[in-house]
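Please walk through the fold of this protein chain, from its overall layout to its strands and its surface.

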Amino acid sequence: MDDRLMYRREFYVGGEWVTPAGGEVLKVVSPSSEEVVGEVPVATVEDMDRAVAAARAAFDHGP
């Protein structure tokens, strides 16, 4: 499997990949093997606010 799918460094917000506000990452553990199979950034309040604003703009002004 492509490691880019399992090891994310950015969030997809408003139609583009954006760098998270924080630097913390969460390890993704396989429930069947208990092995670490990936990492994802941990969202901060700033990241969530940015995502909500993008969703609101898409709802109000999208197709």
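The model is a predicted one. Its chain holds two helices and four strands. Read from the N terminus, the order of these elements is α-β-β-β-β-α. The radius of gyration is 14 Å, whereas the globule rule gives 11 Å for 63 residues, so the chain is more spread out than a compact globule. Along the principal axes, the C-alpha atoms occupy a box of roughly 45 × 25 × 20 Å.

Within the run of strands, β3 covers residues 25-29 and β4 covers residues 36-41. These two strands are antiparallel and are joined by five bridges. One of the facing positions is Val-29, which stands opposite Val-36 in β4. Together β3 and β4 make a hairpin, with six residues between the strands. Glu-34 lies in that turn and has a positive phi of about 60°. As a rule, side chains in a regular strand alternate between the two faces of the sheet.

Of the contacts with a separation of 6 or more, 45% are between residues 24 or more positions apart. Buried residues amount to 14% of the 63 residues, where buried means under 20% relative accessible area. The chain exposes about 5000 Å², and 58% of that area comes from carbon and sulfur atoms.

Charge is the last point. The chain carries 12 negative and 6 positive side chains. The centres of these two sets are 3 Å apart.

Conventions:
Residues are numbered from 1 along each chain as its sequence is written. This is a predicted model: local features need pLDDT of at least 70, side-chain atom pairs count only at pLDDT 80 or more; totals for chains, interfaces and linings use all residues. Side-chain values use heavy atoms; hydrogens and water are left out. Two strands pair if DSSP finds at least two bridges between them. The radius of gyration is taken over C-alpha atoms; the globule rule is 2.2 Å times the number of residues to the power 0.38. Buried means under 20% relative accessible area, exposed over 50%, partly exposed in between (1.4 Å probe, protein chains only). Contact means heavy atoms within 4.5 Å. Accessible areas come from the Shrake-Rupley method with a 1.4 Å probe; for residues, only the protein chains shown count as cover. Lys and Arg count as positive and Asp and Glu as negative; His and the chain ends are not counted. The place of a charge is taken as NZ of Lys, CZ of Arg, CG of Asp or CD of Glu.
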